[in-house]
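Biologist: Thanks for sitting down with me. Could we go through the terms one by one, setting each value against its cut-off?

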Amino acid sequence: MTEVVLDIADLSAGYGSQAIIEHITLQLVSEEIAVIIGPNGAGKSTLLKQVFGLNQHLAGDIRFNGSSIINVKTSDLVPLGISAVPQSSNVFPTLTVSENLQIGTYASPPADKKAARERVLQLFPDLRSKLKQAAGELSGGQRQMVAIGRALMSEPQLLLLDEPTAGLSPAYLEKIFDLILQIRDTGVTILMVEQNARQALRIADIAYVLANGRHAHSGTGAELLASDKVRRMFLGGTGR
Ligand SMILES: Nc1ncnc2c1ncn2[C@@H]1O[C@H](COP(=O)(O)OP(=O)(O)OP(=O)(O)O)[C@@H](O)[C@H]1O
Ligand SMILES: [Mg+2]
């Protein structure tokens with residue numbers, strides 16, 4: 001399948017009238033993984049939030065399956081097939097794992113909720129024994145699984161992930177990257193921001209470097225991994 005799921009065209013956005021990202025153009029094809037990398041403060045989260053209907057649109061367009069979603073509210077994007085995991089505060093710590101997952105189905109018909117939960121638990125079997133535990137009592141990696149699980153409960157076609165491996169140990173990091181590939185294999189298209197650039201570029205069909213709110217470089221994951229400039233900027237000797 002090669003249809004374009006997400007088409008970002010000459011997008012400028014920010015907070016109030018202040019532009020944080022400018023002239024961003026990016027196309028994401030069905031069942032592919034796009035990775036955005038860039039320094040802290042580059043505007044990566046701002047771009048993801050804009051796709052999810054948050055913050056201020058200033059210029060350009062975002063099309064989902066061919067229709068503009070610029071003026072579509074976040075709560076209406078979920079039933080359309082877009083779901084997001086924000087960079088921080090992405091679980092409700094005092095609610096149980098089960099309740100956190102349930103929140104992801106607020107827009108689904110009742111009959112679909114049980115099946116969605118079963119699919120998520122098949123993907124994250126570690127969560128099965130934690131369903132009654134408060135999400136705040138879980139490890140960082142387990143919490144991240146709850147956050148991603150919640151986003152998958154609405155059975156999105158497009159999943160937005162903002163730094164899903166931030167702060168995780170190398171073992172959990174590998175696990176989350178593996179899960180992202182599994183999620184893609186179930187037919188989900190993924191747009192993700194990552195600081196662990198080397199691992200992220202390895203699974204990226206397309207990759208986009210954002211610097212100071214602007215396009216700095218793009219290509220396939222493999223092309224960016226091979227680029228001297230990208231290696232110098234992000235992959236250095238840190239082994240990331
Ligand atoms: N709610 C907000 N109101 C005003 N400015 C904001 C807001 N959120 C972020 N910014 C500003 O927008 C710029 C880009 O922030 P953003 O969070 O998109 O960066 P980022 O690339 O995701 O960084 P990081 O790697 O640290 O997560 C920063 O200068 C930041 O201060
Ligand atoms: Mg960010």
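Modeller: Gladly! Let's begin with Arg184, which forms a salt bridge with Asp205.

Biologist: What makes the pair of Arg184 and Asp205 a salt bridge?

Modeller: The closest N and O atoms of Arg184 and Asp205 are 3.7 Å apart. A salt bridge needs a side-chain nitrogen of Lys or Arg within 4 Å of a carboxyl oxygen of Asp or Glu, so the pair qualifies. Do keep in mind that this is a predicted model: local features need pLDDT of at least 70 and side-chain atom pairs pLDDT 80 or more, while totals for chains, interfaces and linings use all residues. Residues are numbered from 1 along each chain as written, chains are lettered from A and ligands numbered from 1 in the order written, and side-chain values use heavy atoms, without hydrogens and water.

Biologist: Which parts does the pair of Arg184 and Asp205 tie together?

Modeller: Arg184 lies in helix α6 (residues 170-185) and Asp205 in the loop between α7 (197-203) and β9 (206-211), so parts 21 residues apart in sequence are tied together. Helices here are DSSP runs of H or I with at least four residues, strands are runs of E with at least two, and both are numbered from the N terminus.

Biologist: Why is Arg184 called buried, and what is Asp205 called?

Modeller: Buried means under 20% relative accessible area, exposed means over 50%, and partly exposed is in between (1.4 Å probe, protein chains only). Arg184 has 18%, so it counts as buried. Asp205, at 27%, is partly exposed.

Biologist: How many salt bridges does a search of the whole structure find?

Modeller: Eight. In one of them, Arg231 pairs with Asp228, with their closest N and O atoms 3.2 Å apart.

Biologist: How do you know that about one helical turn separates Arg231 and Asp228?

Modeller: Because the two are three residues apart in helix α9 (residues 228-235). Both are partly exposed, Arg231 at 37% and Asp228 at 49%. Elsewhere, salt bridges with shared partners join Arg184, Asp185 and Asp205 into one network.

Biologist: What makes Arg63 and Asp61 a salt bridge?

Modeller: Their closest N and O atoms are 2.9 Å apart. Arg63 is partly exposed at 33%, whereas Asp61 is buried at 18%.

Biologist: On to the metal. Which atoms coordinate the magnesium ion, ligand 2?

Modeller: Ser45 (OG) and Gln87 (OE1) do, at 2.0 to 2.2 Å. Ser45 lies in helix α1 (residues 44-51) and Gln87 in the loop between β6 (82-85) and α3 (97-103), so parts 42 residues apart in sequence are tied together. Donors are N, O and S atoms within 2.8 Å of the metal (3.2 Å for Na, K and Ca), and because water is not among the atoms, sites may look incomplete.

Biologist: Are these two residues buried or exposed?

Modeller: Ser45 is buried at 18%, and Gln87 is partly exposed at 41%.

Biologist: Which residues come nearest to ligand 1?

Modeller: Of the 13 residues around ligand 1, Gly41, Lys44, Ser45, Thr46 and Gln195 do. A residue is near if one of its heavy atoms lies within 4 Å. Helix α1 gives the most to this shell, with three residues.

Biologist: Which side chain has an N or O atom 3.0 Å from an oxygen atom of ligand 1?

Modeller: That is Asn40. Polar side-chain atoms of Gln87 and Gln195 each lie 2.9 Å from an oxygen atom of ligand 1. The protein covers 60% of the 640 Å² of accessible area that ligand 1 has on its own, by the Shrake-Rupley method with a 1.4 Å probe.

Biologist: And what joins the side chains of Glu194 and Thr165?

Modeller: A polar contact of 2.8 Å. The limit is 3.5 Å between N or O atoms; within protein, one must be able to donate a hydrogen and the other to accept it, and residues adjacent in sequence count only if both atoms are side-chain atoms. Glu194 sits in the loop between β8 and α7 and is buried at 2%. That loop also holds Asn196, which is buried at 13%.
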